[in-house]
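Me: I am new to this structure and would like to learn how to read it. Could we take it one feature at a time?

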There are 2 protein chains.
Amino acid sequence: MEELIRKIKGIINLSLEAEEHLHSISKEKTIPKGSVLIREGQTVNKIYFVTDGCLRSYCIDKNGKEHTLQFAIKDWWISDYIAIHNNESAILTVECLKESTVIEFNAEELDETFSFFPEYEPFQRYILERHVVSLHKRILNQLQLTATERYNLFLEEYPDIESYTRNYHIASYLGITQESLSRIRVEKARK
Amino acid sequence: MEELIRKIKGIINLSLEAEEHLHSISKEKTIPKGSVLIREGQTVNKIYFVTDGCLRSYCIDKNGKEHTLQFAIKDWWISDYIAIHNNESAILTVECLKESTVIEFNAEELDETFSFFPEYEPFQRYILERHVVSLHKRILNQLQLTATERYNLFLEEYPDIESYTRNYHIASYLGITQESLSRIRVEKARK
DNA sequence: CCGAAAAATTGATGTACGATAAGAAATTTA
DNA sequence: TAAATTTCTTATCGTACATCAATTTTTCGG
């Protein structure tokens, strides 16, 4: 939790009351590998801040295939924002790829924080802007790069991710099959 | 401008001072079809709120091909957020697809507004959350749907857009060539 | 440390969409 | 409204990646 407080203080001035309030509504948790924090179809009201480890959010299409929306490593937030924003049940599943520590918030309580402590808003704005920018980049990459180029960029962005993800996690993030990713890796190694 | 003020008031309570300040830093403009509001390579410091018409943001890849990031219709904001967030020059071009009215803001002045009038923050948060959700949906669609399915969804989302966009605008948003889109339309018409 | 299960690789074949080019249609401009 | 320009369509052929299936490798529980 000190981790997050420090992050917040890097962006804004946080009063002692606000800090205490954040403490009071959050819960630091150690999550074992493989556990599921949000499950498709269920009600979503939690938002997670990752301080260590890696989580993944994905959906399952009508043919049963998984599609990875996000890998959340240190300093990123993860949840099912579509469900929360539209007040629907989860279409995403959020699972833990390696033992991780997260700070769990109730979405509504976090929302209330903003009205209680408006000073906290600029941090949230910063987070959301960063998120929008990263999504814009991902869409532009998807539109203009080949699978191999996307894979190389992905490795730059998540340098040691292959030590704890499955091949098909990455493939389903890049928008290709695991077989194609396997071939891309063979090609890459050959050089 | 009344348009935007009304929107804001639908989300938050806006004091008279805040409203006057917004007026003082914004400029309502009528933009002729074809004009360019932000050009790749140049410095970006403007953000636009569309009250009528339609703008498009796109980038040009190393082969000279265009890729559409966004269509901004009524009630959406548009700019080059990647450039603004990273404080770099524009990688996107924002052009006007049909005569439009927009409200122009200076990005820094809009940012200052938040410190002057924190009451305005929840509106910005709402806007950013909506944006994140729409980008999440787009990415998931791109990962799991065929070109035809994406095109049909696109038409639902932007019902009358074909009356003022070029075929290749839409194709480059969907991630296909204009020739493929042409074939998809023929197929669709045949049924 | 072993065996079962999951994941990754490899090969053969299929397909959705891309590239190129040429002609038709629509739009803009004079 | 005619000419010029841009956009759209259509056809042929090419390719990146998908699918399916068999085999090897890795992971993990007991």
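Me: Which element gives the largest share of the surface near DNA strand D?

Reply: This is a predicted model, where local features need pLDDT of at least 70, side-chain atom pairs count only at pLDDT 80 or more, and totals for chains, interfaces and linings use all residues. Residues are numbered from 1 along each chain as its sequence is written, while chains are lettered from A and ligands numbered from 1 in the order in which they are written. Helices (H or I, at least four residues) and strands (E, at least two) are DSSP runs, numbered from the N terminus. Here α8(B) gives the largest share, six residues.

Me: Which residues come nearest to DNA strand D?

Reply: There are 16 residues around DNA strand D, and A147(A), I176(A), S180(A), N167(B) and S182(B) come nearest. Two or more residues each are given by α6 (147–157) and α8 (178–190) of chain A and by α7 (167–174) and α8 (178–190) of chain B. By class, the surface has four nonpolar, seven polar and five charged residues. Ala, Val, Leu, Ile, Met, Phe, Trp, Tyr, Cys and Pro count as nonpolar, Asp, Glu, Lys and Arg as charged, and the others, Gly among them, as polar.

Me: How many residues of chain A are in contact with chain B?

Reply: Two residues are in contact if their C-beta atoms, placed from the backbone, lie within 7 Å. In this model 29 residues of chain A are in contact with 29 residues of chain B. On the chain A side, β4 (66–73), α3 (81–86) and α5 (121–144) each supply at least two residues. The largest share, 19 residues, comes from α5(A). That side of chain A has 14 nonpolar, eight polar and seven charged residues.

Me: Is helix α7 of chain A enclosed or open, and which of its residues are buried?

Reply: A residue is buried if 20 or more other C-beta atoms lie within 10 Å of its own, exposed if 12 or fewer, and partly exposed in between. Six of the eight residues of α7(A) are buried, so the helix is largely enclosed by the rest of the structure. They are H169(A), I170(A), A171(A), S172(A), Y173(A) and L174(A). These residues pack against β3 (46–60), β4, α6 and α8 of chain A. After α7(A) comes G175(A), with a positive phi near 85 degrees.

Me: Which residues touch the most other members of the largest nonpolar core?

Reply: In soluble globular proteins, nonpolar side chains tend to be buried together. A nonpolar core is a set of buried Ala, Val, Leu, Ile, Met, Phe, Trp, Tyr and Cys residues joined through C-beta atoms within 7 Å. The largest one has 85 residues, of which Y48(A), L55(A), Y48(B) and L55(B) touch the most other members.

Me: Where is N87(A) placed?

Reply: N87(A) is in the loop between α3 and β6 (93–106) of chain A. Its phi is positive, about 55 degrees, although N87(A) is not a glycine.

Terms used: A residue is near a molecule or strand if its C-beta atom, placed from the backbone, lies within 6 Å of it.
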